[in-house]
Amino acid sequence: MYEIAHRVLPLRSDPPRDVVVTVGMPYEEPTGEWSCPYRIDGLDGWEHERKVTGPDSLGAAELALAMVRAAVTGSHEAREGLLNWDDVSPGPRAQTVWVTWDREHDLAYIAMKREILPGEAVRQVVAEDAVLDYGEKGRLIGVELMNAAARLPSEMRM
């Protein structure tokens with residue numbers, strides 16, 4: 001499953017553990033309908049990939065999100081007050097990034113937001129084969145990666 005959405009929910013159990021929710025990329029079935037895979041790890045009975053089918057890719061993705069939310073909020077763990085859909089684990093969180101790859105020059109740019117405006121990067125730090133772009137508040141907004149064919153993970157090379 002090629003992951004497009006991910007959430008980690010802390011389960012207040014003894015010992016504490018996480019419930020990991022993953023939604024995959026919708027794909028077209030031979031019938032012309034669209035399916036969207038999803039998986040919930042950490043809830044009893046949900047530890048395998050499932051899918052829902054809709055009329056188009058957006059409909060399938062919406063159904064997958066609705067199914068995931070219903071499964072989490074309706075679980076016995078949630079009913080016992082051990083889990084909440086709106087809880088998010090502390091610490092590092094998955095973040096969407098936007099990747100462009102110039103194969104001819106073997107350069108990739110990994111942006112932390114959909115669009116970086118001219119002049120938005122106010123500081124650059126060169127580190128080996130990468131240039132880190134920082135915004136005005138000191139937040140990383142993008143990474144330019146040289147030798148991208150060798151350094152960029154295969155799932156990011158599209």
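Buried here means under 20% relative accessible area. Keep that cut-off at hand as you move through this predicted model.

**Stop one: helix 1.** Select residues 57-74. How far apart are the end C-alpha atoms of helix 1? They are 25 Å apart, which agrees with the 26 Å that 18 residues should span at 1.5 Å a residue. Now look at the start of the helix, where a side-chain oxygen of D56 comes to within 3.4 Å of the backbone nitrogen of L58.

Next, colour G59, A60, A61, A64, V68, A71 and V72, the buried residues of helix 1. Show what they pack against: strand 1 (3-11), strand 2, strand 4 (34-41), strand 5 (50-54) and helix 2 (76-79).

**Stop two: T22.** Stay with strand 2 (residues 17-24) and pick out T22, which lies in that strand. Is T22 buried or exposed? With a relative accessible area of 10%, T22 falls under the 20% cut-off and is therefore buried. Leaving aside neighbours within four places in sequence, display the residues in contact with T22: M1, E3, A5, H6, P37, Y38 and R39.

Now bring up the 5 strands that form an open sheet in the order 6-7-10-9-8, with antiparallel pairing. At the edges are strand 6 (98-102) and strand 8 (123-127), each pairing on one side only. Turn the view to follow the twist, which averages 15° from one strand to the next.

To finish, zoom in on strand 7 (residues 107-111) and strand 10 (residues 140-146), an antiparallel pair joined by 5 bridges. Select Y109, and you will find E144 of strand 10 standing opposite.

Definitions and conventions:
Residues numbered from 1 in each chain as written. Predicted model: local features only at pLDDT ≥ 70, side-chain atom pairs only at ≥ 80, totals over all residues. Heavy atoms only, no water. Helix = DSSP H or I, 4+ residues; strand = E, 2+ residues; numbered from the N terminus. Buried < 20%, exposed > 50% of the residue type's maximum accessible area, 1.4 Å probe, protein only. Contact = heavy atoms within 4.5 Å. Expected span 1.5 Å × (residues − 1). Polar contact = N/O pair within 3.5 Å; in protein donor to acceptor, adjacent residues only side chain to side chain. Pairing = 2+ DSSP bridges. Axes fitted to C-alpha atoms, helices over the stretch in contact; angles between N-to-C directions.
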